[in-house]
Amino acid sequence: MKIKSNTRIVEPSSPKKQGLIPRRDFLKYLGGGVLIIFTPLEACKNMAEPVRATRSLPKDFNAFLHISEDGIVTCFTGKIEMGQGTITALAQMMADELDVSIENVKMVMGDTALCPWDEGTWGSLSVREFGPKMREAAAEARAVLIRMASEQLKVPLARLTVSNGIVTDKLDNSKAIGYAQLAKGKKIEKHLNEKPKVKEPSEFKIIGKPYNRTDSALKVTGEAKYAGDIKIPGMMFARIVRSPSYGASLISADTTEAEKIPGIQVVRDNDLVALLHLSRDKVDEAIVKVKAEFSQIEMSVTDKTVIDHYLKSATKGNIINSKGDIAAGLKLSDKIIDSEFYDGYVAHSPMEPHTAAAMIDGDIITVWVSAQTPFLTRDAIAEKLNMPAEKVRVIVPFVGGGFGGKADNPQAVEAARITKLSGKPVMLAYTREEEFFYDTLRPAGLNRVKSGIDKDGKISFWDFSVYCAGDRGSDTIYDVPHQKTTVFDQGENDPQVHPFAIGPWRAPGNSNNTHAREMQICLMAAKAGMDPMEFRIRNLKDEKMIAVLEAVADKFGYSPGKGPSGRGYGIACGTDVDTWVALMAEVKVDKNTGHIQVVRVSCAQDMGMCVNPQGTLLQIEGCITMGMGYALTEELQFEGTKMITQNFDTYEIPRFSWVPEINAVILDRMDQPPHGGGEPAIICMGGVIASAVFDATGATLYHMPITPARMLEALKKV
Amino acid sequence: MKETITFQLNGKKTEALIDSTQTLLWVLRNHFGLTGTKFGCGLGFCGSCTVLIDNEPVRSCQLSVGNVTGKKVVTIEGLATDGKLHPVQKAFVEHDALQCGYCTPGMIMNATGLLLKNPSPTTEQIKEGMEENLCRCGAHVRIIEAVHTAAKEMKGGR
């Protein structure tokens, strides 16, 4: 997606040569009386040397794991835990492959000084991409340890077996030695030229079994630390002078009044003016006293006119899929349906706003940050501060929700700048207003869909266009002889499209595209006089899609009915991160108020190997609950580059009273590689609710979110 | 201006020489180091900062510390007794009623306050009582189950 001038978009930075933090330096940090999270001192002390930081995953298995003298396996990963549960799933994979108990696996996550390089926690990549590499490392470590045991016990390899980290002679169980005694807390020097195979699914003891979250004991007691909970002696709270509109540049800032508050310190560096105080209340009090002038960028687009704006500023069409001939398809058609679907700009709005704590010690800056991208954040800090990356250490403690929004971390760079300028340890926690303002929003969506049905209820052609919202999930999925997909974006001479920063929002683009496709299918089935499930099956060749649809119909207890049946049943299906997903929902619509209550939702998912069915279930429930927001209420209000939405009073996210009954089925595909689990179910929520509303009332809702006002308006047309 | 404020914090009589106009949330977090109570929205809309004051769930971001003089304040850190989790905490663990965990302390404090007032809530009453606490991850279904489980255990313990 092309973005002009003042709009930020999250992009991975280009690879650069990277060194490492000398061991003595980071040990000094660890011992400095600073509260360090996820960094077991013992594990670090016992490590032979710190992990060499590169911009690819290291080959040496020692980068992934360390076995202490008491047998604790520390698993190092650049992935972070933001609620998605990889802290548990990765521990399961490590434990199973090594043959140790999961209780003995400790996770060290998102610390650039200790963990192997990582591109970031997004795209549901932790289990499906990092996981297999980590398993290979664990398999090699296990094979090496068994060889070491064979030498020490003087027992041939074939006679040895491993359980709970103890290698035992199958013929004489008095001959046994533990990983702890073999590794002695040191780096394992031996490596194998021929890499051993990872376990077959039939050998799994821990993978594929449901495990409760391993972090909940910390989280229910308040012990779990997030970036905002870091306390550094002498730490000052920072607030930054913010512009009233997006992309504005600072002309002047008069801090005279603010400085009258005792203890206020001002930091200035070109565009950055920050106030610091030991008390958060005092700095909050001071910041509103700053008189600042900005030169602002004017844009006339508002949340009400965004669709017209899109049509004017996204004139460059790019055909990404073409098969057959649309004109020929038109001739085959008995009925033609031409629709436009809209989605609003939505925010990630995690409960934890973007936060960073930073300190400088000598020439090394350490930043604790609520980030999905520790290594990219480190590189961004190094670049802005013109420092070598090895002098910047980023540590990501628990993250209070991300959903894609914490891929971008301006607060980390700001905190690092302020700490460097002031020499003081600094805490910069965004207010909720800053969080909405600086969020990398999910772009509004416009989809145009024109399609036809022949006399047999087969789709004769499919002409699908997506504007400005990304092409993920725009696949036709149905078996259509004549089809075309066009992506429209900002052309070279077009005005700027987005007034704000945009970025990845849980399954980026896919919610918009799946909503449009599946709602169109709902309308086509009704026009063909067919049950929407039967219509789908008739037009699908994809066996995996048929399987998830049949599984969800079974779970839901679906019985066929031509729409609108009055029952309020909706269906939607699609693919995301290589996972096949189908949802069915039942809704009730209050025709007097326009209020929609989602009564129940069922989900079926084919995600390949499912490492933790319990964790997957949590993610499905989370997707369904969160997804009700973009379907029913969430839509940011703005006027040009001014964000009107500032807090949860006007940005309504799902609440307890909304919660439907949820059930799910995960198809058994343990023989397949693992696919994504954190995002798929959310893509169907728009389509499943819109089609359920149609089934309940006969009203066609083209515009997400389906607010009561839009619902009442649509009912008038029935 | 600094003054001495006396109140009960997590079961202990506490005195602090502080500016009484400071927000309870920031005093708990920065003066007392009780960082389990979270900042979420700053305006009382989300409930991440919920603590109990005289057994009532209160948004600590909306109150200055001077207001708790002579009162009993309980934060998430004060809920477990003798190293044993409170039934609400235990039920949240059992049901996996959390994901990122950021709203969790506020959820638990609010649920505890709810159960102190109504030991046998119906599902509808739980939803109503928890309605103003926001969770973005979507742990709601499990939180409702956890509150039911905690209610049973708390009654059993009496």
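What share of the contacts in chain A with a separation of 6 or more is accounted for by residues 24 or more positions apart? The figure is 78%, where two residues are in contact if their C-beta atoms, placed from the backbone, lie within 7 Å.

This is a predicted model, in which local features need pLDDT of at least 70, side-chain atom pairs count only at pLDDT 80 or more, and totals for chains, interfaces and linings use all residues. Residues are numbered from 1 along each chain as its sequence is written, while chains are lettered from A and ligands numbered from 1 in the order in which they are written.

**Figure 1. Chain A as a whole.** Chain A holds 19 helices and 26 strands; helices (H or I, at least four residues) and strands (E, at least two) are DSSP runs, numbered from the N terminus. Its radius of gyration is 27 Å, close to the 27 Å that the globule rule gives for 718 residues, so chain A is as compact as a globular protein of that length. The radius is taken over C-alpha atoms, and the rule is 2.2 Å times the number of residues to the power 0.38. The C-alpha trace of chain A spans about 80 × 75 × 45 Å along its principal axes. Of the 718 residues, 56% count as buried (20 or more other C-beta atoms within 10 Å of the residue's own, with C-beta atoms placed from the backbone).

Figure 2. Three strands make an open sheet in the order β1-β2-β3 (chain A), with mixed pairing; two strands pair if DSSP finds at least two bridges between them. β1 (65–67) and β3 (105–109) of chain A are the edges, each with a single partner strand, so one side of each lacks a neighbour in the sheet. β1(A) and β2 (residues 73–77) of chain A are antiparallel and share three bridges; in β2(A), A:Val73 is the bridge partner of A:Ile67. Helix α3(A) lies across β1, β2 and β3 of chain A, at about 130° to β3(A) (axes are lines fitted to C-alpha atoms, for helices over the stretch in contact, with angles from 0 to 180 degrees between N-to-C directions).

Figure 3. Because 13 of the 13 residues of α3(A) are buried, the helix is largely enclosed by the rest of the structure. Just after α3(A), A:Asp99 has a positive phi of about 65°.

**Figure 4. The sheet β21-β22-β23-β26 of chain A.** This open sheet has four strands and mixed pairing. Strands β22 (residues 579–589) and β23 (residues 596–606) of chain A run antiparallel and are joined by ten bridges. A:Val601 in β23(A) is the bridge partner of A:Ala585.

**Figure 5. Chain A against chain B.** In this view, 47 residues of chain A are in contact with 43 residues of chain B. α17(A) gives seven residues, the largest share of the side of chain A that touches chain B. Chain B itself has five helices and five strands, and along the sequence they follow the pattern β-β-α-β-β-β-α-α-α-α.

How values were computed: A residue is buried if 20 or more other C-beta atoms lie within 10 Å of its own, exposed if 12 or fewer, and partly exposed in between; C-beta atoms are placed from the backbone.
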